[in-house]
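Please keep the sequence and the model in view while reading.

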Amino acid sequence: MKRLGARRSAPTFDNPYAVPGRWWKVGLHMHTTNSDGHQPAERVIATYKKLGYDAIAITDHNFVTRVPAHRGRPVLIPAAEISGPPDILHLGATGAGKTDLGGKGIQTTIDRINEADGVAVVAHPAWSGLVDKDLLEAGGYVGIELWNQVAQDLNGTGRSVEIWDHLLAAGLRVWGFADDDAHFGWQGKPGTAWLWVKAASPDPAAILGGLRRGSFHSTFGPRILDLRVGGGKIVVRTSPAVRSHLISSGIGSGGLQFAGGRPRTTWTWDIMKDQLNVTVYARIEVLDASGRTAWSNPLFVEDNGIRFW
């Protein structure tokens, strides 16, 4: 494992926050009456428009919902949730109506999504009862839902952040997604978790490209507005927050910072000076005064320093 604390020179990096484009508010998991949702697609679209979303993916179970008459924002990304167990989000689906890509086991489903040129994201791992071994043995998925609001509402299993950290510590390059999984009933309220994706436009191809690159952060409140690495330091600019944490497989509580008397918007970790034991990867969590969290995607430690994968 590479330990940045022992380095004598500043790390080099590739930073998706520096890529051309702007930030788009995106929701990637929701349901309509075409599966187990409680509202028709047109009402779902109107709700997310009022919430300021730039793009959404309607992920009905084994069904690609299309609304040909819809124009403008939010842009619709064709998608479906392929039923398992476990369930896999198929983002960038082709066709319309019923889809049957589910296989016998997680790998077959992921392979079929990739063969269809889609983006595979493992939905609500903790709610599905997945353990590290299940996901370490699988491959070809872009990421996992680190937060799923409907699973949290149903039985408190919406958080899969610890599973994500275990995968990252093992060397897997997987991104973390936060989704509301809105069904428009009492559970999974719309607008409770989303992504900010950096891309040239909110069109499906651009957003899917940003998802593949990891050029996004997940949140149900605060924002990570900028992240820079240089001179042995990681500097993050956020919306007002009361706590921020640099998390790595070997860092423990050393990366935790508190705002003090009032919220802060800039956070700096001097990895080399403070000898922070960053191994394999590093990521940022931000907490605001209301207890809401934002998660950056990980930076990976390599021979030549830290870089976004």
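## Strand pairing around β9

Strand β8 (residues 119–122) runs parallel to β9 and is joined to it by 2 bridges, where two strands count as paired if DSSP finds at least two bridges between them. Strands (E, at least two residues) and helices (H or I, at least four) are DSSP runs, numbered from the N terminus. V121 has G143 of β9 as its bridge partner.

β9 also pairs in the parallel sense with strand β10 (residues 175–179), over 5 bridges, and W147 has its bridge partner, A178, in β10. Strand β9 itself (residues 143–148) is mostly covered, with 6 of its 6 residues buried; buried means under 20% relative accessible area, exposed over 50%, and partly exposed in between, with a 1.4 Å probe and protein chains only.

## Basis of the model

This is a predicted model, in which local features need pLDDT of at least 70 and side-chain atom pairs count only at pLDDT 80 or more, while totals for chains, interfaces and linings use all residues. Residues are numbered from 1 along each chain as its sequence is written, and side-chain values use heavy atoms, leaving out hydrogens and water.

In helix α1 (residues 41–50), the residues A41, V44, I45 and Y48 are buried. They lie on the same side of α1 because they cover an arc of only 100 degrees around the axis, the arc being that of the directions from the helix axis to the C-beta atoms. E42 and K50, on the other side of α1, are exposed.

The buried residues of α1 pack against β2 (55–56) and β4 (75–76), with contact meaning heavy atoms within 4.5 Å. Just after α1, G52 takes a positive phi of about 85 degrees.
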